[in-house]
Structures are given as C-alpha cells and as structure tokens.
Amino acid sequence: MSDWIQICSASELPAEGAAKEFSAGTHTLCVAMIDGEPLALDNVCPHRGGPLAEGTIEDGKVICPWHQWEFDLATGAATDGSGSVAAYPLRRDGDAILAKV
Ligand code: FES
C-alpha cells in the first residue's frame with residue numbers, strides 16, 4: 001500500500017532544470033523541476049546505485065552521474081529501453097509537497 005508523505009515545502013523545490021534529493025519514508029527521491037512542474041523518481045540508479053539527484057537534467061531526462069544511464073523523469077523508463085526506476089506522483093497541499101510512495 002502506498003501513502004502520501006510530505007517531502008518538502010514548495011520553497012524547497014529545485015530550480016527549473018535542476019534536481020534535489022528528498023526523503024519519503026524509507027525511500028530517497030530525486031525530484032527535478034521540468035517546465036514548472038516537479039517530477040519524482042527513486043533516487044537510486046538501478047545500474048549500480050548511483051545518486052540520480054546528483055545527475056544532470058536534460059530534455060526531460062536525468063542522466064546518472066556515475067555511468068550516464070538516462071531516465072525519463074515522467075515515467076522512470078531508461079531511454080535505451082534497458083530498464084526503469086520507480087516514478088512517484090507528487091501533489092501540493094498548501095505549501096507542502098507530498099509524494100505517493
Ligand atoms: S550507477 Fe547509474 S549508470 Fe551506473
């Protein structure tokens with residue numbers, strides 16, 4: 001079962017085109033801002049565990065800082081089709097940003 005968990009306030013969200021790491025229960029999320037909307041993936045790269053929030057954001061994708069695998073920020077799918085990372089819905093509740101994990 002998944003729950004909505006507060007991860008930060010709206011003012012703590014990353015700037016456009018950037019990513020930040022947040023905790024959500026037992027999960028660590030990579031939250032990136034794309035076209036004014038925050039998108040969240042699991043922060044742990046499925047290749048060797050690289051921290052996706054420390055990667056580069058480009059064309060709606062995050063590029064893992066360790067070996068440059070690329071993941072679609074909306075779906076979590078690897079852009080070469082070789083796998084995926086979990087994508088988590090986000091919503092605002094007043095000033096709070098919540099993730100469904
Ligand atoms: S750990 Fe992410 S690409 Fe290798």
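Two strands count as paired when DSSP finds at least two bridges between them, and I begin with that because the rule decides which strands belong together in what follows. The model we are looking at is a predicted one, so please hear every value as computed from that prediction.

Let me start with strand 9 and strand 10, which run antiparallel and are joined by 4 bridges. Within that pairing, Arg91 stands opposite Leu98 of strand 10. The two strands form a hairpin with 2 residues between them, and in the turn Gly94 has a positive phi of about 65 degrees.

On to the sheet around this hairpin. Strand 10, which covers residues 96–100, also pairs with strand 1 in the antiparallel sense, over 5 bridges, and Cys8 is the residue that stands opposite Ile97 in strand 10. Together these make an open sheet of 3 strands in the order 1-10-9, with antiparallel pairing. Which strands stand at the edges? They are strand 1 and strand 9, the latter being residues 90–93, and each has a single partner strand, so one side of each is left without a neighbour in the sheet. Neighbouring strands here are turned against each other by 35 degrees on average, with direction ignored.

Staying with strand 1, which spans residues 4–9, we find Ser9 within it. Is Ser9 buried or exposed? At 15% relative accessibility Ser9 counts as buried, and, leaving aside its neighbours within four places in sequence, it is in contact with Asp95, Ala96 and Ile97.

There is a second open sheet to describe, again of 3 strands, with the order 5-6-7 and antiparallel pairing. Its edge strands are strand 5, residues 56–58, and strand 7, residues 70–72, each of which pairs on one side only. From one strand to the next, the twist in this sheet averages 25 degrees. Strand 5 and strand 6, the latter being residues 61–63, run antiparallel and are joined by 3 bridges, and the bridge partner of Ile57 in strand 6 is Val62.

If we set aside its neighbours within four places in sequence, Val62 is in contact with a list of residues including Cys30, Leu41, Leu52, Trp69, Phe71 and Leu73.

Finally, the cysteines. How many disulfides does the structure hold? It holds 0. For Cys8, the closest cysteine sulfur is that of Cys30, and at 13 Å it is too far for a bond, given that a disulfide needs the two sulfur atoms within 2.5 Å. Cys30 is likewise in no disulfide, and the cysteine sulfur nearest to it, that of Cys64, is 9.9 Å away. Cys8 counts as buried, at 3% relative accessibility, and Cys30 counts as buried at 0%.

Notes
Residues are numbered from 1 along each chain as its sequence is written. This is a predicted model: local features need pLDDT of at least 70, side-chain atom pairs count only at pLDDT 80 or more; totals for chains, interfaces and linings use all residues. Side-chain values use heavy atoms; hydrogens and water are left out. Buried means under 20% relative accessible area, exposed over 50%, partly exposed in between (1.4 Å probe, protein chains only). Contact means heavy atoms within 4.5 Å. Axes are lines fitted to C-alpha atoms, for helices over the stretch in contact, and angles run from 0 to 180 degrees between N-to-C directions.
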